[in-house]
Each structure stands twice: as structure tokens, then as C-alpha cells.
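Reader: Could you take a close look at one part of this model for me, the place where the two chains meet? I'd like to hear what holds that contact together, told as one connected story.

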Amino acid sequence: MTPTPTPLTSDTVLALAPDAASAHAARKLSTPGKWQNLNAPPGSLWGECQGSGSTPYLTGVDLSGPAFKCSCPSRKFPCKHALALLLLRASHAETFGQAAPPGTLQTWLDGRAARATAERPAADGNPATPAGNAAPDPAAQARRRAAREKKVNLGLNALHTFLNDLIRDGLAHAPTRPYSDWDTQAARLVDAQAPGAARLVRQIPDHLHDPAALLAHLARLYLLTEAWAHRDTLSGTEQADLRAALGFPLDSASVLSGGGIRAHWQVMGQSVTEEDTMSTRRTWLVSGDHTALLLDFSAAGRPFPPALPPGAEVQAEVCFAPGTFPQRALLNGETAATGPARPADGLTLDALLDRHGAALALNPWLERTAHLTGPLHLLPGDPWHAQDSTGRLPLTGSGRTLHTLLALSGGHPVTVYAEWNGETLTPLSVQQGGTLHPFRPTVNA
Amino acid sequence: MNDHDALLALALIGTARGTLPTPSTDAPGQAAAQITRPDAEGTLLARAALHALTHAAGRTPDPASDAPPAPAPADTLPEAPERAARHLPLVLGTPLLSEWLTLCAHAGWRVPTAHLPELLDAARNDSRLRHLLTPVLGERGRWLAQFNPDWSFMPPDEDTWDTATDAGRETLWRSVRERDPHAARDLLNQHLSSERAASRKRLLIALLDTLAPDDHTLEPLLDALTTDRSDDVRTLARMTLHRLSRSAQNARNAARFAALVSLENPGLPGRLTRPTGPDEHATRDGLPDPTSKDALSAAALLEHLLEHTHPDALLAALNIPPATLVNIARQHDHLPALVQNAVNTSHPALAAALLHDLPTHPFLLQIGPPETLAAAQKQALQDRDPERLLALLGPQPGPWPPDLSADLLTTLHATCPTRHHATHTYRWEQLAELAATHAHPHIPHPGPLPDDATEWAPQTMNKLQATLDLRQQLWTDFGKGRG
């Protein structure tokens, strides 16, 4: 039996919006007057919203996900109608009837329920292979892999030479190089199918004003070229770390078929970063001692896929990608919201840095880890700091996030869930009165 | 120089121009000594990688330095309960936010803590929200505002006058004015003369907005300002003194009026006698010197006095009823000046007298007898005249009485533009928008629109109805009755 999900608050619903425009449009639609037939049969919501056409749109939400279905032509997901339906449920619960949904929606709901039931036995250690996927041809796979390795070899050899040249000439001369030098080098690495290394090369100009940071950054790149040259001496998980750092795509099928951890996961928070035209959304899940990082990508301003609700607890199967410090993960199958996230004890800042250091010792290319930390005092300033008995660390985030955190703290210590990237802490949510208050992700370049 | 700095120094000049430094004998140095590559560049980069990683992995928190800020004082007002707070994300950024804040203040609650930054930002961008937000900020909000210079328009208390910005002083003064008008007058007496011109102007506008009869005690201060360096400040000071009926300025103007107008025969246009003698207060009262070549003609002086002298002072000067004053203005073609005066001073008796001449003047109707306004509105509703309804209802603050609101909705329904008859469509839409935010929310829904309504008419009516429904829910959740 699926546990009954708790109703989402308006803030949580707005956090599900694929972009700010959808959230704004949904708010405008979230008055009962714009809807006919608002209904909330057990486990789902449905209603009809008059759009610009002659027939109203039929919108349905499966609360177990939540999952969405709407007859409107929007390519955003969830669309403004589905969001407005959830907002209405949060603000005008009394206007909802109990009528069963029309045929098309009922079929969709039944299909989801059937899939959820079919997946559950798979959790007992007998993962089913994804249906419809023919077994890959091992010979073809080996050929593709060899071709890629050849390209990466050439690309990283060229990078190796480039780095040596930079050091031979002296970094004092690096800032006088034309920008095209870095761009050309990065473009070659993209061609060489090592986008992770290309990304690091593109970041070089950011460090040109700080020689110490520049040397550390180049050294990190150098470590990639060396590790690749000696990859045969690395263990399987170390090779996976290297491949991830070089930007090899994750083999989702094999990660999912490796089985996962089916448990109650707390959705601790989300953050979004933007590089060039690609946005990356990180969702952090925690269950016991496990921390899982889900990544979603959106290119050229397209909306993200639907997000897990931050601050909630979900029943999900999480499959970790291989690595010395397993963190990146994929969801297998449907998730079901089971209630609000539960509070826990935070680490001191010193313990947080210890954990991060231990992770770096395993995977030198790890960019960030996330931890529940506190109780912390907040020190507004430029930059802001978080402070406890072990010392203080710089705090970053949008002004709105930091001030909301300060408002909730009232000047008293708080426990936050935050990302640490080696330089600054970015708070993603705060424990407040026994619940987790998530901050809306803001885009950081 | 430690190992890392020695490596960095070489990296800066280039390995072509130097030799690799010898690692130190401590543990990191010994580890670095193990790292050798065939080329000096590789050895340098590999050793630098080791340093960078040990530095990152071995990082400890920075030493604590500053003391954290003092915690916020305990709040005395309860936070708005969930049933009221749930509407806030939906009304933020919409015109309904003002109503939400007003309802919150009436209920004696403060805004939910998590929304404070969003609301303070909204008030920063919209000054009209500031005085609505002030009473519901609570101690937490006032405490929070000090941590963002953008919110300095929300001063925490009166002691911060000296450090506040011009806008901050205005908001501070307005909030004191709301709590304690006497203390607000003291603040003006204490600070106004030493303020910058821009700040003097802001504070005088704030005073004009909130003027009350008790403000007569400010007269000496305002009198001094009628000779201020700033033109704007002089004008504002005179406007304020004009609205204080017993001010010396009004008395002087009334005396000028009595000398100018003689009422020999009430039926005929009164004769005007232009003063030619010196008038030592003319300049401070905004008049040119009567002995100079710029002196006003008798007619122009009459117009000025009819517009800039409090009606009470004018009526007392000649001991006449309002109707006679209207008569004088009409005889000399200066009714508009007197209307302006009645509107500026909100003088009901004069407005009532003027309404005989100008029965449809919307501003006079607003300040005249309520029954006249109600009758005019009723007539406009019967005539189904959207233009006139807009003029009559636009200035009237909401929520309007339930009967009027219901009648208006019925009228909107009946005058809905159809495919055959679509006049006043723009006005009709404007009226619907006005009704959405100002009508009493507890009124019955009118039925569906006729089939031949224009395509967009149902959308407008739905929007109106949806807003009214939301407001009705707001009222219910804030525990506000139907009254």
C-alpha cells in the first residue's frame, strides 16, 4: 500500500516549477474561478481549466510522485495548469470534490499504479533488466570504446604538451596570451571527447589574476593527463572517477542494472549552476549514512525535468554510479513522496572539512560534497560567514537565500544542509522547528 | 620560503629560466621528493598537484573572529497562522498584497518569518507598501532590516534618525506619526530646519498626507519655512498652512479677501477693490508685492484667494454661508479655483454648496454629503454609464459597501460587450478591474454571460470573479466578518 503523501505547501509546489515564468503563470491560475470540476479523489487531483481554446484543458496530478498529465500543448513539465492545481489544493482544499477522473486520466493513473506495483518486487534483490532493451553487442561496444580511447589519448597528449609549454615559458606570461589560446585548446579537448577536461581548460582564464590558484588548477589538469596515461594501473573504481572527471557519459543502463538502495530518502536540497548554455541542477538525497547526488541537465534554456520536492521524504530506489567515493546516483523507477523530511544532527565545520578531505583523498577530482552542518552562527558581511566552536567558513548564495536563513535564525544558531566546494559553503536548506525549509535554487554561473 | 612558494616562484618565471627547488625535509617535502618526472615541467606540476590536494584535503576552518550579531528581540505579535500565510506566495507581486498586509495588521499578526526578505524587497521597490508592511514586520523583521542597506527605509527605532537615509527618515516619521502624532510633531520641530532640502520636502509631503487639526501647533515651524531657500519647500509650507484653517496665513488671506470684495447687493456681481497699499506678508504668502509692477489684478487676486484660503476663513471673513461664497466665485468666473480649494481642504459644506452648480463633479461628490454621492452612483448604475461609474468609484477606497458592489457586478454583467453591441469596451474592462480589487468580496456571483458576449468578456468576468473569490477566502482566513 502506498503511504498517503502529505499535501505540498505553496512554496514546495512553486519549487517544482521548471522556470520562473511557469511559477508566475501558475500563481495567476491558482484561483478556483478559473477552474471547473476541481476534484481530489484519493491519491490524485484533477480539474478542467479554461484556456484560450474552446475546450478546457484536462489536468491531472498523481500525488504519489507527484506526476503530472495535462491536455495543454505546453512542452514545460509540469505545466502551469498542473502547478496551479497543486497550488489550489494547498490554498483552497475545500473547493475540491471527490469525483473520479474521466477515462483518459484514470487510464494514466491505473498505468502508473500498475508500474509501481510491478517494480516493487524488483527491490528484493532481483532487478529486472530494463524492458525493451536488446543486449548490447560486446564486439561493437569494444570497437567504440577503442575508438574513443584513441581520441582521448591524442587530446590529452596535446594537453600534456600544452601544460608543459606553459610552465616552461612561465605563468607570468600566461595572462598576455590571447583568449583564443585557451578556447582552441578547450575545443580540441571537446573534439577529443574529453568534455570534462575541456571544461577545466575553459576555466583557466578565471584564475589568471591569482598565480597560486592558477598553478593549482593546472596541476589538477596535469593529474588528469598523468592518470589517463597510467589508467591501466588504476582500480576499477579509480578508473570510473577518472572517466567521470574527463566527462565520459554515465552508462545509465549498467548503473541501473547494478541494483540500488530502496529506502526512504530525504530530499535535502537543490542547487543550479550554469556554464555556457548548459544548466546543471543538483539534487541531494540522504538516507542514513548515504548521500546521493542526482544531476539533471538543461541545454539552451530548456526546462529541467520534474524535480523531487525539496524538504520532503521520498520512497525511491537510488543506484550509485561506480566510484571510489560513490556520490553521483540515478533513480530507478518511480518515486513516491511519503512525508516531510526528518531532522537530524549536524556536523561541526571541522568535521565537515574532515569528511570532505577524506573524500578528496579517494577522488582528487571531486568538485563538491554536501553535509548537514550546525548549529552555526551566521555572520553577515562581505562575504558572509558561518561560525561554530571550531572556527568559521565563508558562506555564499543569493542575497534572498542568505537573508531568509538569517530571518529564520533570528540570530540564534541554525543547522543547515550545505554544499562545500573547497572554497565556500552554499546553504540549500535549513532545519526549522522540526522540519526542513528548502531554499529556492538560484542560478550561479 | 616553503616548498609551495618555491614551486610557484619557479612556475612564474618558467622552468626554462631556473632550476627545481630542493624539497624541504618535513613530511610533505619528503613526499614531494618522491615525485620525479623525466622533465622539470612535469615534476613541478606533479609536485604542485600534491601540494594543492594536501592543502584542500587538510583544510581546517578559519579562526573565529567576529562575535555573531545580537539575536532578535522576542516578538510580541503572533505570526500569521498557516491558513492566512498560505495565501502570501500567491499574492506577492500582485495588487492583492496590500490587502493581505492590511488584513494582517487588523488581525494583530505579523508576517511569516520566512517571507520577510521577499516582503522587504517588495517594499523597497514599491514605496506604497512600506507603511503597510511596517506594522506587521514584528521585532524579527525590524531586526533583519538592519542587515541589508537596501532595507534602510525600514528604520528600527527613533534613535536612528541621524544615520537613516532621506527615505528612511520619511518612513520612520510616518511610522511614528501612526503611533503617536504628538511625538511626530516633536520630531519635525526638532529636525526639520536642519534637514537637507530634499528631506525637508519629503517630510512636508508626508505631513500634508497625514495632516490633522491638532497640527496647528506646528504653525511657527511652517511659518519659518515660508521663507525657505527651496522653492518647493516654500510652496509645500504654504499648502500646509492653507489646510490648517486657523493659521495666520489663512487669516491674512481672509482679510485680503474682505478688503477686495464688497457685498453691497448679493444679487449682482460684487465690486472688487484692488488694494494698492503695501502688504508686508505678501511674498511669504505666495503673492507678488501689491506696490510692484508685478502686482496682481483684482480678478487674479480674487482667484488666488478663492483657491488658497481655507473656506472656513473665507466664510468667517464676510460672515456669509457657503452658497454666497459660491455665488461670488460664479459671478467672477472663478468656480474652478473654489472647487480646487474645497477638494484640497476636503470641506464638506462648501462641496455641498458647489454641487448645486456642478452636480456631477466626481471629486466634489467624494467629499460632499454621502447621500448625494450614493444617489449619483445609483443614477450612474441605472444609466449603465461605465465612464461615469469609473469617475465616481475610482477615488472611493475599498472595500465598497456590499449593496453598491453587488449592484455594480449586476451592471457589469448587464453591460457586457456583445458581438452586436460593443461600446465602452475599454471602460467596461477598466471597471471590472477596479471592481476586482475594491468591491466587497462577500457578494453573490451573477449568472453566466449571454451567449453573444464577445470572446474575451467571459475571461474578464472570470478573472474578476476569481479575484473576488480569492479575496473572500482571504477575509475568511483572516477572521474578518462580512462587515
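Author: Let's start with the polar contacts: across the interface of chain B and chain A, 19 residue pairs are in polar contact, both partners being at pLDDT 80 or more. Keep in mind that this is a predicted model. On the side of chain B that touches chain A, six helices turn up with at least two residues each: α1 (3–13), α3 (40–57), α5 (88–91), α7 (116–125), α9 (138–145) and α26 (457–477). The largest share comes from α3(B), with 11 residues. Sort that side of chain B by class and you get 35 nonpolar, 12 polar and 13 charged residues.

What about salt bridges? Between chain B and chain A the count is 3. One of them pairs Glu41(B) with Arg168(A), and the closest N and O atoms there sit 3.4 Å apart. That passes as a salt bridge because the cut-off is 4 Å between a side-chain nitrogen of Lys or Arg and a carboxyl oxygen of Asp or Glu.

Now zoom out to the whole contact. Chain B brings 60 residues to it and chain A brings 61. The area buried between the two chains is about 5,000 Å², and carbon and sulfur atoms give 64% of that.

Chain A has 12 helices and 16 strands. Its radius of gyration is 24 Å, close to the 22 Å that the globule rule gives for 445 residues, so chain A is as compact as a globular protein of that length. Along the principal axes, the C-alpha trace of chain A spans about 75 × 60 × 45 Å. Of its 445 residues, 49% count as buried. And if you take the contacts in chain A with a separation of 6 or more, 62% of them come from residues 24 or more positions apart.

One last stop, back in chain B, is Glu303(B), which is found in helix α16 (residues 298–308). Glu303(B) has 36% relative accessibility, so this residue counts as partly exposed. Leaving aside residues up to four places away in sequence, Glu303(B) touches His334(B) and Ala337(B). As for Leu335(B), 32 residues away along the chain, its C-alpha atom is separated from that of Glu303(B) by 8.8 Å.

Note on methods. Residues are numbered from 1 along each chain as its sequence is written. Chains are lettered from A and ligands numbered from 1 in the order in which they are written. This is a predicted model: local features need pLDDT of at least 70, side-chain atom pairs count only at pLDDT 80 or more; totals for chains, interfaces and linings use all residues. Side-chain values use heavy atoms; hydrogens and water are left out. Contact means heavy atoms within 4.5 Å. Buried area is the accessible area (1.4 Å probe) that two parts lose on being put together, summed over both. A polar contact is a pair of N or O atoms within 3.5 Å; within protein, one must be able to donate a hydrogen and the other to accept it, and residues adjacent in sequence count only if both atoms are side-chain atoms. Helices (H or I, at least four residues) and strands (E, at least two) are DSSP runs, numbered from the N terminus. Ala, Val, Leu, Ile, Met, Phe, Trp, Tyr, Cys and Pro count as nonpolar, Asp, Glu, Lys and Arg as charged, and the others, Gly among them, as polar. The radius of gyration is taken over C-alpha atoms; the globule rule is 2.2 Å times the number of residues to the power 0.38. Buried means under 20% relative accessible area, exposed over 50%, partly exposed in between (1.4 Å probe, protein chains only).
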